[in-house]
Amino acid sequence: MNNKIIYLDNNATTKVDKKVVEAMMPYFEQEYANPSSMYDFSKKASKIIKDSREIMKDFFNAKTSNEIIFTSCGSESANMAIRGLLETEKNKKHIITTKVEHPCVLNVFKYYEKQGYKVDYIGVNSNGELDLAELQEKVSEDTALVAAMWANNETGVIFPIEKISEIVKSKNPDTKLFVDAVQVAGKINIDVQSADIDMLSVSGHKFHAPKGIGALYVKSGTLLNPLIIGGHQERGKRAGTENVPYIAGIAEAAKLAKDGLDYEAKEVKRLRDKLETNLVKNICNAKLNTSIANRVPNTTNIGFEYIEGELILLHLSDIGICASSGSACTSGSLEPSHVLRAMGTPFTALHGSIRFSLSRFTTEDEIDYVIEKMPPIIEKLNGISPYQDEINALKNMK
Amino acid sequence: MWDYTEEVLDHYRNPRNVGKIDDADAVGEAGSLACGDALKIYLKIKDGVVVDAKFQTFGCGSAVASSSMMTEMIIGKPVEEVKKLTNKDIADALGGLPPEKMHCSVMGHEALEDALKNYYNDEITFSDINSDSASKVVCTCFNVTEKQIIDAIRDNNLKTVEDVTNYTKAGGACGRCKGTIQNIIDTYLNKEDSQKAEKPKLSSAQKIIKINKVIENQIAPELQKDGGDIELVDIDENKVYVKLHGRCSQCRNSVLTLKAFVEQTLKDAIDKDIEVINIEQ
């Protein structure tokens, strides 16, 4: 077996940047004071939180740093936004989300559906693009909240958040908009003011901070009930002693991410495009699941028709390549990806869908390695498939 | 990451007996592309002995490993012995499979059973379950029959719905058939309260889809055999409006056909309150 790791699963989690680790280190053994304490020794701990909040404010282009709440992860941020808001809007019983949200949003909506809320799940087309006309139609007087992701974790498809906000606000200015920005942080620019967003969540470990730290933007004037009740931390909105080193970490990561946006848009995108173009060109049964939809620069989702995703991942793993699949077999749930199903991806490609997600640490050599190694693997797996005639037909077409 | 045994890793990396036998004496299939795993097995049988076996699998690592291991286990064996093979034997030979992956061994076994059934042109080869319930589909998402579920319960000593899902996939998607699976388990285990469990309640959309399916797959083919046909016009709660075509519409007994057959079939399959109404042409 081979020790080389080619990590192309950055939408799942990322490597922590060395500079992030460095920024965190002082707050473990040296500046370990509780930032709420009264002695001088706590000053550095409380200052780094203040500074970090400023950095996150800039990262989102928020108006004031009071609009930033540190949480433990993306799921907590989403739960806090949705549940915290609905707690304060008890007279409105209609909420809207999309069919392709991450489970941390989708399952919260399903929970409220069981509680008697009317929930609309907006669909997407075969490229994964949101049905804006359907959204426009559904927003009503009674709509308390619309939750939409900025980019999809499986396909990388970007939803036009400014347009979504415009549609929602023009139909009902009181309806709040929550945006799950977990998959865009560090990939494209986030600007909560120009997009007129009420709440927005990110997760540190998707942009080279460690796991266990997230942030939530809540626009001034938006009332939220806390999920975690206790002390006065985060201005009473999220109790619990601040996770000082991790807060320092996510802020450092945000700073690096903002500086790296150009590199993402150019170099990461170039490598992603090189990877997908070559795979689709050189492999007879490979096709892009998202077509030409507007996507974050690092993600590609390719369907390998008539072979199964887990089998592909196992063979990739054997040569050190890490990717992920929308196949049912990888999850144990027996059901293939809800995102690809919502797109109506045909069964032939659905079960054999592979997502590659790059990062700024991905090198050209790594991409070349995948481009070289993948076709023979797929060729071998095609040989096992019972659908030989179908695969041969595809071969003749290319 | 699944905790696969060395045997599973070896067999998915280097599958044995992959391919097709052009002049096979028996061919068997299991699963489907839609469900995410499908398997074809080809057997060469000479003087009551399986002299060669090959397979083609669309499926995950454990599905390929199960197929590969199975072919190794049956080549050179008398058919009488091969008939006795169970999915558990395949899983055991692989040093075990994760519970969620046991259905892969079941699928291997089903394809083998299908091949032997075709070879003997015989309804039931492996089990003593009566053939009426055998072909009844319990899980429509994964197309799993009652017989497959009972076989899995018997061969693997399954006790819960979750076990059945792990071994057969039945109930693993929409979950509507979980009540029925529980009934099958209860009946099999001779529990007294087996009659009490009710059919899961369907939403209107689910009901419409199901009515459509039953008409398309069960009722229409029957009528077509007699030169007639049925068209679904509308569904309003439990009222199902249909039009009869061809021979049926002139047949005096059409009302009887409707009441006795169409309605009863829908009642049995979906809801005892269903009423069928024929729209005059």
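# Briefing on a predicted two-chain model

Helix α9 (residues 261-282) of chain A packs against α13(A) at an angle of about 10°, and their axes are 10 Å apart. The structure is a predicted model. The domain assignment divides chain A into domain 1 (18-259) and domain 2 (261-397), and chain B into domain 1 (6-120), domain 2 (131-195) and domain 3 (204-278). The two chains meet through 22 residues of chain A and 22 residues of chain B.

**Helix pair α9 and α13 of chain A**

- Angles under 35 degrees count as roughly parallel, and α9(A) and α13(A) are therefore roughly parallel to each other.
- On the α9(A) side, the contact is made by A:Leu271, A:Lys274, A:Leu275, A:Asn278, A:Leu279 and A:Asn282. These meet A:Glu364, A:Ile367, A:Val370, A:Ile371, A:Met374 and A:Pro375 in α13(A).
- The residues of this contact comprise eight nonpolar, two polar and two charged.

**Sheet of chain A**

- Seven strands of chain A form an open sheet in the order β2-β8-β7-β6-β5-β3-β4, and the pairing is mixed.
- At the edges of this sheet are β2 (68-71) and β4 (118-122) of chain A, each of which pairs on one side only.
- From one strand to the next, the twist of the sheet averages 15°.
- Within the sheet, strand β7 (residues 199-203) and strand β8 (residues 214-218) of chain A run antiparallel and are joined by five bridges.
- A:Ser201 has A:Leu216 of β8(A) standing opposite.

**Domains of chain A**

- The centres of domain 1 and domain 2 of chain A, taken over C-alpha atoms, are separated by 30 Å.
- Contact between these domains of chain A involves 22 residues of domain 1 and 21 residues of domain 2.
- On the side of domain 1 of chain A that touches domain 2 of chain A, there are seven nonpolar, ten polar and five charged residues.

**Contact between chains A and B**

- With 22 residues of each chain in contact with the other, the elements of chain A that give two or more residues to the side touching chain B are α10 (309-318), α12 (347-350) and α13 (364-384).
- The helix α10(A) gives the most to this side of chain A, contributing four residues.
- Divided by class, the side of chain A that touches chain B holds twelve nonpolar, six polar and four charged residues.

**Sheet of chain B and the helix across it**

- An open sheet of three strands in chain B has the order β1-β2-β3, with antiparallel pairing.
- Because β1 (26-32) and β3 (49-58) of chain B stand at the edges with a single partner strand each, one side of each is left without a neighbour in the sheet.
- The twist of this sheet averages 15° from one strand to the next.
- β1(B) runs antiparallel to strand β2 (residues 37-46) of chain B, and seven bridges join the two.
- B:Lys40 in β2(B) is the residue that B:Glu29 stands opposite.
- Helix α5 (residues 102-120) of chain B lies across β1 and β2 of chain B and runs at about 140° to β1(B).

**Helix pairs of chain B**

- Helix α2 (residues 61-74) of chain B packs with α5(B) at an angle of about 45°, with 8 Å between their axes. The two helices α2(B) and α5(B) are therefore oblique to each other, and their crossing is right-handed.
- In that contact, B:Ser62, B:Ala63, B:Ser66, B:Ser67 and B:Met70 of α2(B) meet B:Cys104, B:Ser105, B:Met107, B:Gly108 and B:Leu112 of α5(B). The class division is five nonpolar, five polar and no charged residues.
- Helix α7 (residues 146-156) and helix α8 (residues 161-168) of chain B pack at about 105°, with their axes 10 Å apart. Angles of 65 to 115 degrees count as roughly perpendicular, so α7(B) and α8(B) are roughly perpendicular to each other.
- B:Gln148, B:Ile149, B:Ala152, B:Ile153 and B:Asn156 in α7(B) meet B:Val164, B:Tyr167 and B:Thr168 in α8(B). Five of the residues in this contact are nonpolar, three are polar and none is charged.

**Domains of chain B**

- Domain 1 and domain 3 of chain B have C-alpha centres 40 Å apart.

Definitions and conventions: Residues are numbered from 1 along each chain as its sequence is written. Chains are lettered from A and ligands numbered from 1 in the order in which they are written. This is a predicted model: local features need pLDDT of at least 70, side-chain atom pairs count only at pLDDT 80 or more; totals for chains, interfaces and linings use all residues. Two strands pair if DSSP finds at least two bridges between them. Axes are lines fitted to C-alpha atoms, for helices over the stretch in contact, and angles run from 0 to 180 degrees between N-to-C directions. Two residues are in contact if their C-beta atoms, placed from the backbone, lie within 7 Å. Domain bounds come from an automatic or database domain assignment. Ala, Val, Leu, Ile, Met, Phe, Trp, Tyr, Cys and Pro count as nonpolar, Asp, Glu, Lys and Arg as charged, and the others, Gly among them, as polar. Angles under 35 degrees count as roughly parallel, over 145 as roughly antiparallel, 65 to 115 as roughly perpendicular and the rest as oblique. A crossing is left-handed if the near helix is turned anticlockwise from the far one by less than a right angle, and right-handed if clockwise.
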